[in-house]
Amino acid sequence: MSTKDLFKNRYNVLRIVMATVAILFTMRLMYLQIFDTRYRLLAKNNAIKEVDIYPTRGLVYDRNGELLIYNEPLYDLMVTPRAVRGADTAKLCELLGITREEFDRKWMEMQKQKGYSTRKPNVFIKQISQKDYSRLQEFMHLFPGFEGQERSIRRYPYRVAATILGDIGEVDERQIEASNNYYKPGDYVGKSGIEKVYEQELGGVRGKKFVFVDVLGREVGRFEDGKFDTAAIAGDNIITTLDIKLQEYGEKLMQNKKGSIVAIEPSTGEILAMVSSPGYDPNLLCGAIRGKNFKALKEDTLLPLYSRPTLATYPPGSAFKPIVGLIALQEGVQSVDYFVTCSGIYYFAGLRLRCSHRHPSAGNIMYALQQSCNPYFWQTFRNTVENRQYKNIREVYAKWQRYCNQFGLGVKTGIDLPYEAKGNIPSPEYFDKIYGKDKWYSSNIISLGIGQGEILVTPLQMANMFACIANKGYWITPHVVKKITDPVSGKDVTRPYKKYKVDIDTQWFEPIIEGLYQVVERGTARAARIPGISLCGKTGTAQNPHGDNHSMFAGFAPRDNPKIAIAVVVENGGYGAAYAAPIASLMVEKYLNDTIQTKRISLETKMMRSNLLKKYGVSVNKSATLVAGED
Amino acid sequence: MPRQESIAKRIDWVVVSLYAALVIFGWLNIYSASSGGDDVSIFNSAINSGKQFRWMVISGLLAFAITLIEARFFVTLSYVLYVLILLFVVSVFFVGTEIKGQNNWIKFGGFQMQPSELAKFGTALGLSKFLAGLNVDIRKWADKLKAFLIVIFPMAMVAAQGDLGSALVFFGFVLAMHRVGLESYFLIVGTALVTLAILALVVNKYYLIATMFLLMLLFGYLFWKNKKLITLTFLIWVAASAFVYSVDYGFSKLKKHRQDRINVLLGKEVEKGRDWNIRQSIIAIGSGGFLGKGYLNGTQTKLKFVPEQSTDFIFSSVGEEFGFVGSTLLIAAYLVLFYRLLYLAERQRSVYSKVYGYCVVSVLFFHFMINIGMTIGLMPVVGIPLPFISYGGSSLLAFTLMLFVFLRLDIQRYETMR
């Protein structure tokens with residue numbers, strides 16, 4: 001080589017190229033590692049996963065400690081396809097009780113699941129019962145790649161009180177938003193009944209743990225040894241006011257009939273039983289079968305999902321007469337011994353109104369109740385609203401409406417169940433609108449005196465109104481939850497319920513209660529007489545323009561120190577004495593004596609067997625034929 | 001031949017120290033990337049750091065042995081070694097085993113290696129020998145052709161075996177040729193072609209050709225009097241268009257995963273998950289921050305989010321655990337090594353040693369540039385090791401061999417090598 005190096009300067013070319021690349025890399029690193037903080041978050045999301053720990057949902061008991069809702073462990077069979085090694089498919093099918101075709105179909109379905117991965121466990125078969133799973137578990141070692149994942153499902157050992165206890169289902173978009181994103185898609189929340197109203201108490205508080213996950217999302221360790229983890233707080237247990245045996249008995253009496261029973265303990269406002277008929281087995285809406293059954297129940301023309309006791313409204317008919325009487329007595333427009341002639345027909349302002357049946361004229365309010373005399377209460381109502389002490393009928397009527405509201409009529413009772421109708425006690429403004437302001441008179445609203453016309457009440461309001469009569473002037477918000485207890489500390493949280501007093505003096509209740517007693521003893525509800533028990537009550541027949549009248553009865557027992565107030569409605573059952581009164585009496589007897597007297601067994605059998613389905617245009621109660629899985 | 005103690009005195013300790021430091025630093029990072037946070041020994045041969053330790057010992061012995069071998073041995077046998085190594089590379093076609101999509105592994109019993117790593121060493125020897133020839137002048141077309149053939153032949157072999165990354169490194173030899181007189185327009189045209197190739201992949205080829213046509217018209221309008229220039233411009237346009245067209249065609253013939261890798265780099269939409277490697281690597285490096293998460297504390301590293309992390313993506317572990325400071329220090333260490341090697345190359349008396357030195361530094365630099373560029377998202381994912389740092393016996397042995405042969409040449413730099 002010549003001594004003179006012609007290309008000496010090229011030494012620098014390479015040095016410049018290298019320095020440029022190094023500077024370029026440094027700038028890029030500066031951007032990635034210092035200026036762009038996004039990657040720190042991405043790395044955290046990558047490697048540290050927040051895993052929710054779900055608390056166990058609270059249990060629900062009846063007033064006597066009977067378990068009404070519990071959590072049953074179930075198993076999902078999971079498969080990690082990569083880990084499956086030469087499994088004996090025939091044997092597995094046999095253990096699972098499925099055919100080879102079903103197995104293949106389920107496998108294909110699994111592969112279509114969202115988030116399917118051959119490296120991670122995927123749900124293969126959902127909700128295998130503990131019994132089936134234990135059989136499978138013995139042989140699990142033969143099937144590498146398969147594993148059981150424990151889940152839990154709500155179970156209702158008594159297959160009754162579905163609309164009260166309620167159900168749980170997947171949370172919807174609206175609820176997620178309302179919860180400030182506490183709930184996540186796929187979470188289960190109460191959808192109806194107690195499950196819905198007491199969601200917060202039953203649901204507990206979700207815990208969190210932070211774990212390291214590897215690239216396949218597998219948990220490989222705790223982050224900072226669990227320093228930031230929070231434990232799940234189990235849901236509270238709930239003790240309801242229900243007497244589940246009474247509830248069961250009520251549902252049996254109501255089978256093949258549409259209607260309601262509401263039984264309240266007057267001194268506390270506790271709901272002892274609340275039957276919505278036809279009902280359904282609450283287990284139908286649990287787990288994997290929920291969607292299918294919900295659809296079937298929703299399409300049923302008998303409306304089993306409809307909570308009749310709190311939502312259905314009826315004109316109370318004669319069962320409303322005690323209230324008309326009480327208001328008149330309190331207002332001083334007539335005495336207890338007020339006399340009204342009843343010739344069977346009541347002439348008023350050109351109207352010709354009929355009494356329900358022939359009976360001797362009533363010389364006092366007790367006898368008028370016993371005979372359920374319509375003219376007596378028309379006259380009583382007239383006396384009340386035509387009271388000259390008030391400026392005009394509008395003012396009196398407004399006060400009359402207020403009395404009714406005080407009895408919990410035309411307003412919501414505030415029961416701790418999700419849906420409640422408030423019924424209707426028409427307002428003076430309503431009549432202003434129909435007849436014109438100051439252009440309506442007692443003749444326009446006379447039918448209110450016998451519980452007909454615009455007046456509408458729910459069975460719950462009816463029972464509550466009689467609880468108020470039983471208490472001689474007050475009622476406590478009817479409720480289905482007695483106590484909420486923390487399963488860990490065992491502490492009770494007894495909730496105070498509001499007490500409402502009506503502006504009617506105690507003295508006026510005596511004659512009314514006497515009248516109600518006579519109704520059962522020797523009046524229209526003789527069919528409901530229970531030897532040895534002083535049942536006080538009133539039948540009612542709600543006029544039904546669409547078919548047979550609704551049979552109603554409301555009352556309480558015993559007369560002194562009442563233990564139970566009850567309202568029964570049997571749709572299209574005719575007179576109150578036909579179905580409602582006997583059913584109410586059986587409920588009362590069952591509750592107070594725990595047994596039905598021998599001579600009343602035939603009545604019990606008759607009520608249980610009676611079938612009104614034809615009147616509803618169906619031949620069979622479809623919902624009762626639905627089967628809630630195996631047992 | 002100098003005596004032993006004078007070897008110890010005359011060997012360039014700066015390079016030896018940097019070499020040792022990089023290898024040990026690499027080993028520590030391999031441990032971090034392969035232990036996954038488990039409590040295993042760094043020497044445990046069940047994980048990569050344990051295996052790498054064996055290779056480190058072997059490489060140390062090899063380095064020591066090479067410093068004892070008379071430099072003239074390599075100089076004299078350059079062509080022989082070049083041919084032997086080439087044959088070894090070719091033998092892969094007959095007895096090779098495919099590992100991870102690359103059909104370039106040879107197995108002897110439980111031992112496997114990639115001859116392609118050795119090909120760079122062989123090429124360096126062959127090229128140095130040729131350019132050191134008495135009447136060889138790279139500026140002459142015949143010599144240029146011969147020099148290029150010496151490089152292209154092994155390069156084509158390696159590329160044919162599916163190792164596109166290693167084949168790219170052979171472009172490094174152009175830098176060595178440039179040092180002894182290859183015209184600079186080779187570098188300029190080369191860079192222009194790479195730019196055009198990237199443009200061809202990013203934008204629609206017809207728009208590109210049309211745009212170049214408009215540019216040509218503009219140029220013709222400005223210099224319409226100069227017929228020669230206009231003809232040249234036209235020819236350049238035709239050549240560029242043909243190139244753009246062929247790049248697009250060639251791209252369509254590439255294997256799917258390679259297409260995806262290039263698309264990822266160019267920011268084009270690819271099938272979900274295809275950009276996983278590079279994304280995870282950038283996340284790991286980016287999450288390291290200024291000071292890093294600390295040795296063995298990288299969550300992305302420990303939890304194996306970055307695939308191939310102890311081999312091709314080892315820099316992501318460095319970036320995560322040692323942060324910006326550690327990453328730039330490592331880059332600085334490489335730069336010092338390269339500058340030192342260039343300095344050593346410049347002080348060689350013989351052309352052979354100088355060209356060989358430039359070959360070594362160019363190959364190392366290309367590995368460095370492509371590998372780190374890939375992990376930080378500036379280069380396509382082509383899968384070549386980071387010299388001295390990445391896990392892998394073949395590459396560590398090959399780099400050690402190349403480097404220490406040069407150090408031995410440097411010891412004898414006052415002697416004439418030809």
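Residues are numbered from 1 along each chain as its sequence is written, and chains are lettered from A in the order in which they are written. In this predicted model local features need pLDDT of at least 70, side-chain atom pairs count only at pLDDT 80 or more, and totals for chains, interfaces and linings use all residues, while side-chain values use heavy atoms, with hydrogens and water left out.

Me: How much area do chain A and chain B bury between them?
Reply: Buried area is the accessible area (1.4 Å probe) that two parts lose on being put together, summed over both. Of the area buried here, 73% is on carbon and sulfur atoms, and the total for chain A and chain B is about 3800 Å².

Me: Which side chains meet in a salt bridge across the interface of chain A and chain B?
Reply: A salt bridge is a side-chain nitrogen of Lys or Arg within 4 Å of a carboxyl oxygen of Asp or Glu. By that rule 1 salt bridge is found across the interface. With an N to O distance of 3.2 Å, the pair is B:Glu346 and A:Lys8.

Me: Is A:Thr541 buried or exposed?
Reply: A:Thr541 lies in strand β19 (residues 536–542) of chain A, a strand being a DSSP run of E of at least two residues, numbered from the N terminus. Buried means under 20% relative accessible area, exposed over 50% and partly exposed in between (1.4 Å probe, protein chains only). Because its relative accessible area is 18%, A:Thr541 is buried.

Notes. Helix = DSSP H or I, 4+ residues; strand = E, 2+ residues; numbered from the N terminus.
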